[in-house]
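Me: Got a model here that I'd like to go through with you. Can you walk me through some of the local geometry?

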Amino acid sequence: MPELPEVETVARDLQRWVAGATIAGVAVHWERTIAHPQPAERFAVELRGASIARVGRRAKTVLVHLVDGRVMTVALRMTGALIVARPGAPEDPYARVVFTLEDGRQIRYRDVRKFGRIGLFAGGGLRRRPVARRRRVGERAAPYRVGDVFARHGPEPLARGFSAARLQQRLAGRSARLKSLLLDQSFIAGVGNIYADEALWIARLNPLRGADTLTPDEVRRLHRAVRKVLREGIQNRGASFSDYVGADGEPGANAERLAVYQRTGAPCLRCGRPIARIVVGQRSTHFCPRCQPAAALLSTAASAP
Ligand SMILES: [Zn+2]
């Protein structure tokens, strides 16, 4: 499933290739892909003739900013992909929505399992800090602003304002296990199973640790590790395990560079001990039992002078 580095790769590809392009037509082949506005025909009509100003990302969602201020959101979910196809490229039976550009190219939203969702919203509200108290996003206020879609999302881990101190504040009073908290999009946006496991390995933190048991040094390690794995993931154009591809239709190179994710039984790259797999909150979790010792051992060590 695409996480922050994969979605960022797609967004950067699209920025390079389709910023400035105009959408001449929209064909919706699977109506349920369109989350907003309804019906899907209205989505197609409202988008026709719109020009793309720039393409960005929030959390695990691609944001296509239109020149008129509106924003199209593309949540890839499990198997979604946005691929730029040259004029005359063979048709793709899994293309659920096809955006034909004035120059004849197409942006194809491909999605084998059809869990992804696309919306079109008024601009605004993206830059505000996420509200502490959860707001209800009302259906009655449609079309609501794109910022409302992300009202419950936590901070962007690669944003300048996401400091170790801020992470410390957010961890305080949270008793959830580290692994579960990293996957919680309201805690921190964009991290999923791959990068949570990788970050915890780099930070040498056991995935079952209670979030509020971390020492200040451990919080700094976690902060550094989360940003490092995400940045490296982007550099390598994301990790492809099944369906993920960039907007060029090619898989990323990050999967073979991962240290623990799906390396169960393989030697730890740091100590050589086999990587273990456990299930935390119904999610597969990979870690090194020696480098990432259990909480009891670690708290004993942490209390030593
Ligand atoms: Zn190890």
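**Helix contacts, zinc site and backbone**

Reply: In H1, Leu4, Pro5, Glu8, Thr9 and Arg12 meet Leu230, Gly233 and Ile234 of H7; contact means heavy atoms within 4.5 Å, and helices (H or I, at least four residues) and strands (E, at least two) are DSSP runs numbered from the N terminus. By class, the H1 contact with H7 has four nonpolar, two polar and two charged residues. This is a predicted model, where local features need pLDDT of at least 70 and side-chain atom pairs count only at pLDDT 80 or more, while totals for chains, interfaces and linings use all residues. Residues are numbered from 1 along each chain as its sequence is written, and side-chain values use heavy atoms, with hydrogens and water left out.

Me: At what angle do H1 and H7 pack?

Reply: About 40°, with the axes of H1 (residues 4-18) and H7 (residues 216-235) 8 Å apart. Axes are lines fitted to C-alpha atoms, for helices over the stretch in contact, and angles run from 0 to 180 degrees between N-to-C directions. That makes H1 oblique to H7; under 35 degrees counts as roughly parallel, over 145 as roughly antiparallel, 65 to 115 as roughly perpendicular and the rest as oblique.

Me: And which residues of H4 meet H7?

Reply: Ala164, Leu167, Gln168 and Leu171 in H4 meet Pro216, Val219, Arg220, Leu222 and His223 in H7. The axes of H4 (residues 164-171) and H7 come within 9 Å and cross at roughly 115°, so H4 and H7 are roughly perpendicular to each other.

Me: Switching to the metal: what are the protein donors of the zinc ion?

Reply: Cys268, Cys271, Cys288 and Cys291, each through SG, at 2.2 to 2.4 Å from the zinc ion. Donors are N, O and S atoms within 2.8 Å of the metal (3.2 Å for Na, K and Ca), and water is not among the atoms, so sites may look incomplete.

Me: How are those donor residues spaced in sequence?

Reply: The zinc donors follow C-x2-C-x16-C-x2-C.

Me: Backbone next. Where are the cis peptide bonds?

Reply: One joins His36 and Pro37, with omega about -5°, and another joins Gln38 and Pro39, with omega about -10°. Pro37 is in the loop between strand E2 (34-36) and helix H2 (40-47).

Me: What about the phi of Arg77?

Reply: Arg77 has a positive phi of about 50°, although Arg77 is not a glycine. Most residues other than glycine have a negative phi.

Definitions and conventions: Ala, Val, Leu, Ile, Met, Phe, Trp, Tyr, Cys and Pro count as nonpolar, Asp, Glu, Lys and Arg as charged, and the others, Gly among them, as polar.
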